[in-house]
Amino acid sequence: MDVVTLIILLCYLFAIAYLGYRGYRQTKTATDYLVAGRNINPLIMALSYGATFISTSAIVGFGGVAANLGMGLLWLTFLNIFVGIYIAFVFLGNPTRRMGHHLDAHTFPELLGKRFQSRTLQILGGLIIFCFMPLYAMAVIIGGAEFIGPIFHIPFNAALFLFAFIVAAYVIAGGMKGVMFTDALQATIMLIGMIILFTVTYTTLGGFTTAHQTLTDMAPRVPAPLKAIGHRGWTMIPAFGWAKAGTSGPEAIQFNLWWTMVSTIILGVGIGVLAQPQLIVRFMTVNSRQALNRAVVAGGIFILFMTGVAFVVGPLSNVYFAKREVIRCRIADEQALLDPGPDGKAKLTLVSSDAPPEIQSRSKRFVAYRMPDDAPDQALRYVLWTPEMKITRGAEGQLDEIRPGLIAIARTATLGTPLSGNSDAIIPHYVASAFPKWFGVVFLLTLLAAAMSTLSSQFHAMGTAIGRDVFETLTGERHSSRSILITRLGIVLGLAAAIVLGKTVRFNIIALATAIFFGLCGAAFLPAFLGALFWKRMNRPGALASLLVGFSVSALWSIFINSKTATGLGICKALFSKDTLLPPSFSPTWAVVDPLIVALPLSFLTAVAVSLLTRPMPESHVKWCFGGSKPQ
Amino acid sequence: MLGIPDKAVFLAYALSVFSALLCVLYGVANWNKGDEPIQTEDVQWAKEEKEDIEETL
């Protein structure tokens, strides 16, 4: 890291710390406005919500997935805006706020628990959030670490700890207090960073039509493994269909990409957002429907510039990498060999010249190089060699030039990654390669801001889930020293779990982990949440049953049916010696259908059926929940 | 259209922009609607929330 970068970074961190301190001293948190009975500026409220909603996961993780799978991911942007902002703010925000304040609920599980008079519901909700939110926190932290690594030339693990440390220090120092101006500053930085990314990308690639057309013309360069599962180009939706039961081989997997893209990435996140505990609590900090109405304006535009830009720039990075990238460097070895292992899927390792012939023959040729500002003792960088690569050796004292001509995902393959690349590293690589270094720093601030605001709310949700929803509900202790200790321990444990997970499951994981968490929340909580707000007939057994069915079906489907998660978790293999339990008489496409698609309808049906078959909640209690006076 | 051959992808692009516009139009049209006086329970809720966070930190 050079001195200028370090100074800019430190200035930013001090500014955030100062604003946090000043804002807090001058009572500018969301709750202070409510205490004082004043209106929060709707722009600041919307930006604060947006900063919590959008994290490094959306920009780096989902942006990388879009770079790999194509612009079809823009359907998620549409859902992010239409469902995550419009529906959430216009239809859910105010009833949530009213009911939360009326029932004196401070967490999402507490809202459900009080609405349905069920401590079990609150405890189960708290446990689900506490156990699974680290998965989402991990995705956010990896998103930052993947960027810090290549920009500042530090190993991933060091970047992971550094990023987690900076964010944790911020969260503990004041982030969790939710100082609105700090959140709004962070959202503004995110907005500036993404607008620059959007403008420069389109300008560099010749404008909208030229850039899109070039990307369309690159369809023949889609890697064979992606073509096999239905990829038809980066400006096309993948092939849609349903494989016949009993098929195997290429026919069995030809529609897998559509189902992964639509059921997991688009619907999982697009719908799951409505049941995100940390976002639901945000509505309670608002003081009127008017504030929500006004916040919709900034919220819609903000999300468009966050995920919309990421999902457009990601695919377009293929055009940059394939047509325009020039690496000015010092080539160390034009014939370096990296070994992808016997099955071609292991992490690439360097092959020595005296390695056995079978290893040499399966290895891939890479070009090893150093950038001009790399330290002499710094590890070499590697770029995959293909016949399209052009190498120009510089004269004595001059730099060499490599024109790799690779698509984005192939450009991320290097020592230590799989040969198929790492989609989480595409956006960081793109920013590092296509933009001047000063933008790298601006983008780092963008990502730090995105991570800090989201992680603050995640840590708050994890801490209160275990402290307030589980411990206090079980023991009946309110605000005791033990309860505070448990809440703090919960936050520390959540952070530790996120870091350990991040170290363990790196590569192509950010979007998947986020989608799993969002999908799980959707299946487990959404019917109970919507029922709590809008269906007076919904009762405790209905809410409990829907949560249990949604969670269990989601978990069982992930562990035993969905091939990606079942293989990744390995529980099915350990118990039954096979990757999934999907019977051969079923279509193999079932193995790529997201748990949410099965679990959410079942969870809704259960909520309705059980509620109608069991006794309604006491009328006086229902009246109280919907604004009446408290029953004696 | 705009170099995007697949209507479904173009539609997603357009709907993303239009849904953001919908948010703007809705917000502007309802800018002054929905103002509610702050009630005691709102203030009480906020006070407790603030105390909770301060205790935790």
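Biologist: Let's start at G125(A). Which helix of chain A is the place of G125(A) in?

Modeller: G125(A) sits in helix α7 of chain A, which covers residues 119-152. Keep in mind that this is a predicted model.

Biologist: And is G125(A) buried or exposed?

Modeller: The cut-off for buried is under 20% relative accessible area. G125(A) comes in at 2%, so it counts as buried.

Biologist: Which residues is G125(A) in contact with, leaving aside its neighbours within four places in sequence?

Modeller: With those neighbours set aside, G125(A) is in contact with P109(A) and F525(A). There's also a C-alpha distance to look at: G125(A) and L547(A) lie 422 residues apart along the chain, yet their C-alpha atoms are separated by 8.3 Å.

Biologist: What does T96(A) touch, not counting residues up to four places away in sequence?

Modeller: Here's the set: L111(A), I280(A), F283(A), M284(A), F529(A) and L533(A). As a general idea for reading helices, an α-helix has 3.6 residues a turn, so residues three or four places apart point the same way.

Biologist: Now a bend. Where does helix α13 of chain A bend?

Modeller: Helix α13 (residues 256-272) of chain A bends by about 30° at I266(A). α13(A) is also mostly covered, with 14 of its 17 residues buried.

Biologist: On to the two chains. How do I read the size of an interface?

Modeller: The size is often given as the accessible area lost when the parts come together. Here, chain A and chain B bury about 5,000 Å² between them, and 63% of that is on carbon and sulfur atoms. In residue terms, 64 residues of chain A are in contact with 45 residues of chain B.

Biologist: How many salt bridges are there between chain A and chain B?

Modeller: The count is 6. In one salt bridge, the side chains of R98(A) and D42(B) meet at 3.1 Å, N to O.

Biologist: Which helices of chain A each supply at least two residues of the side that touches chain B?

Modeller: Among them are α2 (30-36), α5 (74-102), α15 (289-324) and α19 (437-475). α5(A) gives the largest share of that side, 15 residues. By type, the side of chain A that touches chain B divides into 29 nonpolar, 24 polar and 11 charged residues.

How values were computed. Residues numbered from 1 in each chain as written. Chains lettered and ligands numbered in written order. Predicted model: local features only at pLDDT ≥ 70, side-chain atom pairs only at ≥ 80, totals over all residues. Heavy atoms only, no water. Contact = heavy atoms within 4.5 Å. Buried area = accessible area lost by both parts, 1.4 Å probe. Salt bridge = Lys/Arg side-chain N within 4 Å of Asp/Glu carboxyl O. Helix = DSSP H or I, 4+ residues; strand = E, 2+ residues; numbered from the N terminus. Nonpolar A, V, L, I, M, F, W, Y, C, P; charged D, E, K, R; others polar. Buried < 20%, exposed > 50% of the residue type's maximum accessible area, 1.4 Å probe, protein only. Bend = angle between axes of the 7 residues up to and from the residue.
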